[in-house]
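Please read them with the structure open.

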Amino acid sequence: MAEALSQNQIDELLKQMQSGKVDAEIDTAPKIKEYDFKSPKKFTKEQLKALDSLHENFSRGLSSYFTSILHNVCEISVLQIEEQRYYEFSNALPDNTLVGVIDLQSEDAQVADTSFIMDVSASFSFMTIDRLLGGSGRLIVPERNFTEIEMAIMEDVVQTMIKYLEEAWCNYIPVTTTLNSIETNARLLQTYSPQEIVVIVALDVQFPDFQGAITLCFPAEGLEGVVDSFKIWHSRTSKQQDANKNQEQQTSIMETIKQSDLEIGAVLDRFEMSLEDILQLQVQDVIALNKKIDDNIDIMVEGEPWYHAKLGKSKLKKSIKLIDTIAK
């Protein structure tokens, strides 16, 4: 470990630097960012951010689902989204895990159908099975494979999970998800080539006395068309909604405004008088205005000038006739 400097030594060093006796080293070398051409990045930060937002919605749906069926508070959040080679993801999976292969179809002709992998950790799977069968959920993961009954239970759970994923995706683009198969040994999966680039979405599962993980693996090639269509579909959907919803909102707002009470007043003229003159005013005194009898007057709505008008009579009552709108 390097020797720590005392405060006196630090002060002396700073003093010498200020006097020019010691040259301060300035790093003038350009900053270089390493780039791996063997594993090029296919998605921008904005696209990954869109995927993060999408799966945050998915996480909230899953949190509510597991909280209701397991009768325990569950919090699920997006832990990480990254690109890597498929063999790196496959090698990191344990031998005993629950992996579902899900087909993803889109109604958009520009988006090709694809498939992805959902990995549910063995500890979370066995805890879920134990809770669903009436247990406490506090158990040690058995060193054995899943039984047929346990597989049937988890297949039903995964079927519901992908429906929540489908709902989250449909906020961006209409898709349909179908569980193709479910396996307990990820080594046997031949879904993608080892060198294929995939996008890994890691979800963190938190219970008061338990922590698990759910991982989604999307092929980059199949995901590119989907991500590119996010912005197009979202803008198209927004425009379709604007045409209908904006008109309804405007009508609703206008109907509400029509029922509002506003103060309206006619201002004949504005002039100034000294306090002395005002104190000497008496009944029957005549005050000369700056306007003629046939000049326009201002009509005020809530203290703001809105119209020009003329003074007149209607059925022996004083009245005003609106001439035009005051330009704002």
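1. Basis. This is a predicted model, in which local features need pLDDT of at least 70, side-chain atom pairs count only at pLDDT 80 or more, and totals for chains, interfaces and linings use all residues. Residues are numbered from 1 along each chain as its sequence is written, and side-chain values use heavy atoms, with hydrogens and water left out.

2. Whole chain. The protein chain has seven helices and 10 strands. Helices (H or I, at least four residues) and strands (E, at least two) are DSSP runs, numbered from the N terminus. Of the 328 residues in the protein chain, 33% are buried. Here buried means under 20% relative accessible area, exposed over 50%, and partly exposed in between (1.4 Å probe, protein chains only). Contact means heavy atoms within 4.5 Å. Among contacts with a separation of 6 or more, 65% join residues 24 or more positions apart.

3. Helix α2. This helix runs over residues 45-70. Its 26 residues should span 38 Å at 1.5 Å a residue, and its end C-alpha atoms are 36 Å apart, which agrees. The expected span is 1.5 Å times one less than the number of residues in the helix. Buried residues of α2 include Leu-51, Leu-54, His-55, Phe-58, Leu-62, Tyr-65 and Phe-66. In general, an α-helix has 3.6 residues a turn, so residues three or four places apart point the same way. Just after α2, His-71 takes a positive phi of about 55°.

4. Helix α5. This one covers residues 148-170.

5. α2 against α5. How do these two helices pack? The angle is about 140°, and the axes are 8 Å apart. Axes are lines fitted to C-alpha atoms, for helices over the stretch in contact, and angles run from 0 to 180 degrees between N-to-C directions. α2 and α5 are therefore oblique to each other. The cut-offs are under 35 degrees for roughly parallel, over 145 for roughly antiparallel, 65 to 115 for roughly perpendicular, and oblique for the rest. The contact involves residues including Leu-54, Phe-58, Leu-62 and Phe-66 of α2, and Val-157, Met-161, Leu-165 and Trp-169 of α5.

6. α4 against α5. Helix α4 (residues 122-132) packs on α5 at an angle of about 100°, with the axes 10 Å apart. The pair is therefore roughly perpendicular. Ser-125, Phe-126, Thr-128, Ile-129 and Leu-132 of α4 meet Glu-150, Ile-153, Met-154 and Val-157 of α5. The buried residues of α4 include Phe-124, Phe-126, Met-127 and Ile-129. Their cover includes α2, β2 (98-106), β3 (114-120), α5, β5 and β6. Gly-134 follows α4 and has a positive phi, near 100°.

7. Phe-43. This residue is in the loop between α1 (7-19) and α2. Phe-43 is buried, at 7% relative accessible area. Its C-alpha is 8.5 Å from that of Ala-220, 177 residues away in sequence. Leaving out residues up to four places away, Phe-43 touches Leu-48, Glu-83, Val-199, Ala-220, Leu-223, Glu-224 and Val-227.

8. Asp-209. This residue is in the loop between β5 (197-207) and β6 (210-219). Asp-209 is partly exposed, at 41% relative accessible area. Neighbours within four places aside, Asp-209 is in contact with Asn-72 and Arg-138. Asn-72 is 137 residues away along the chain, with 9.9 Å between the C-alpha atoms.

9. Backbone check. Gln-284 is not a glycine, yet has a positive phi of about 85°. Gln-284 is exposed, at 73% relative accessible area. Lys-315, also not a glycine, has a positive phi of about 55°. Lys-315 is exposed too, at 78%.

10. Cysteines. Which cysteine is buried? Cys-74 is, at 5% relative accessible area. Cys-170 is partly exposed, at 35%. The disulfide count is zero, where a disulfide is a pair of cysteine sulfur atoms within 2.5 Å.
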